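Hi,

Here is the structure I said I would pass on.

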Amino acid sequence: MVFNLLLLSSYSTMDRVNFDIVASIKDPLIAKAAERLVMSEGELKRKLEDFRKDPDVSSWLEDAALFAAIDDTSSTLSWYDWPDPLKYRYVSALEEVYQTKSKFINIFVAQQFLFQRQWQKVHSYAQSKGISIMGDMPIYVGYHSADVWANKKYFTLNRKGFPVLVSGVPPDAFSETGQLWGSPLYDWKQMEKDKFSWWIRRLKRAANLYDEFRIDHFRGFAGYWAVPAEAEIATVGRWKAGPGISLFNAIFQAVGKINIIAEDLGVITEDVVQLRKSIGAPGMAVLQFAFGSGSDNPHLPHNHESNQVVYSGTHDNDTVKGWWGSIPKEEQHNVLKYLSIAKEDDISWAMTKAALSSVAQTTIVPMQDILGLGSDARMNTPATQFGNWGWRIPDSMNFDNLNSDAKKLKDLVSTYGRL
């Protein structure tokens, strides 16, 4: 335990999170706490049992626990290669897993329960301080997941369970061959037959965790790019119609009013715009995308809409300071001219001011831009697997020395009615 405490001390002084170290320390401790809960008696144990029986929880929890239990002892990379009785979910095979892996399953469930309790405490505290928590939901799910394994009929799979069509986007200004994401696509017709029950369960869970959430690749609900599973590049795909408003009508009827932010970046057609507006969901504008083209660029502040969320940059962008150093001199000149600032002014503050002064109902400015940090503080680089999501506010950052910056930010927030 002393060794673990030393590791934690080392971890706490890092400017970036080392997730491998965190997992090696915390996972065994969380498992131990969950095991003790399973073996205990009392009020907390009764709450665990109630959690497991909750229909909104059991609808996903039991399949997730089963999947994890099988995967724990499997040497395959995908459930597609599991023995047929497990692959096709024969009742007798699943009952055997429940019997032989009951300890693993019970601990898995208890871990989910403990997370739920801790998260709800954080959530309730945030709400008591007037803070809303926004989640992020990818439109697609991974093939090797309980979602697909337990709900094969809702995905475009062949009789053996292998994907027929997978996700991606067509060629555009950013990629000559498009992007091949490879996630299995939904069988929207089958989903509609079941009144979109899978999506309703998913949105209920999200609404239980967050006050609002962004749905990534929102345009896929209007029309999506379908690529044959055997393809190596996305260019061979074709457009197919999404579920449109019928999906959201079913969701709103079952779940009620939920706060969705539509990620509508990229090449967006009129049908996507109309779908977003029909459900009242705000779209997105990103200031880093605003320059380098004409005055009709939708990301330019004078083209913003009130029902919108404006970012200086998202988690997928470089920091403003890093972005500034990467764009051509001519584009820098246009940015300075548009923002009416001199060259020597701090570009991070200028972009923060532009975001806050927008007519968009919500402004999001990453902490990296508030602190004026460079590319070393970038949160995520899309299409890369390593080194992402690890940034932390540096220990060397002394907030006591930022009083003038804090006042400047407060004045901006107050000036533009966001206080």
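Below is what turned up, sorted by topic.

Keep in mind that this is a predicted model, where local features need pLDDT of at least 70, side-chain atom pairs count only at pLDDT 80 or more, and totals for chains, interfaces and linings use all residues. Residues are numbered from 1 along each chain as its sequence is written, and side-chain values use heavy atoms, with hydrogens and water left out.

**Aromatic rings**

Rings of Phe, Tyr and Trp (its six-membered ring) pair if their centres lie within 6.5 Å; planes under 30 degrees apart are stacked, over 60 edge-to-face, and the rest tilted. That rule gives 29 aromatic pairs. Take Tyr186 and Trp188: their ring centres are 5.1 Å apart with the planes at 55°, so this pair is tilted. Both Tyr186 and Trp188 are buried (buried is under 20% relative accessible area, exposed over 50%, partly exposed in between, with a 1.4 Å probe and protein chains only).

Trp199 and Phe221 make an edge-to-face pair, 5.4 Å centre to centre and 75° between the planes. Trp199 sits in helix H10 (residues 197-209) and Phe221 in the loop between strand S4 (212-215) and strand S5 (223-228), so the pair ties together parts that are 22 residues apart in sequence. Helices (H or I, at least four residues) and strands (E, at least two) are DSSP runs, numbered from the N terminus. Trp199 and Phe221 are both buried. Ring pairs also link a cluster, including Tyr140, Tyr186, Trp188, Trp199 and Phe221.

Two charges sit over rings, meaning NZ of Lys or CZ of Arg is within 6 Å of the ring centre and within 35 degrees of the ring normal. Arg89 lies over the face of Trp149, at 4.4 Å from the ring centre, and Lys152 over the face of Trp79, at 5.1 Å.

**Salt bridges**

What is the number of salt bridges in the whole structure? The search finds 12, counting a side-chain nitrogen of Lys or Arg within 4 Å of a carboxyl oxygen of Asp or Glu. Arg89 turns up again here, bridged to Asp63 (3.1 Å, N to O). This pair links distant parts of the chain, with Arg89 in the loop between helix H5 (84-87) and helix H6 (91-100) and Asp63 in helix H4 (residues 55-73), 26 residues apart.

Arg214 and Asp136 meet at 2.6 Å, N to O. They are 78 residues apart, with Arg214 in strand S4 and Asp136 in strand S1 (residues 134-137). Arg214 is buried at 5% relative accessible area, while Asp136 is partly exposed at 42%.

Lys407 bridges to Asp411, the closest N and O atoms being 3.0 Å apart. Both lie in helix H17, four residues apart, about one turn of the helix.

Most residues other than glycine have a negative phi. Lys195, though not a glycine, has a positive phi of about 60°; this residue lies in the loop between helix H9 (188-193) and H10. His217 has a positive phi too, near 55°, and is found in the loop between S4 and S5. Is each one buried or exposed? Lys195 is exposed, at 64% relative accessible area, and His217 is buried, at 9%.

Cheers
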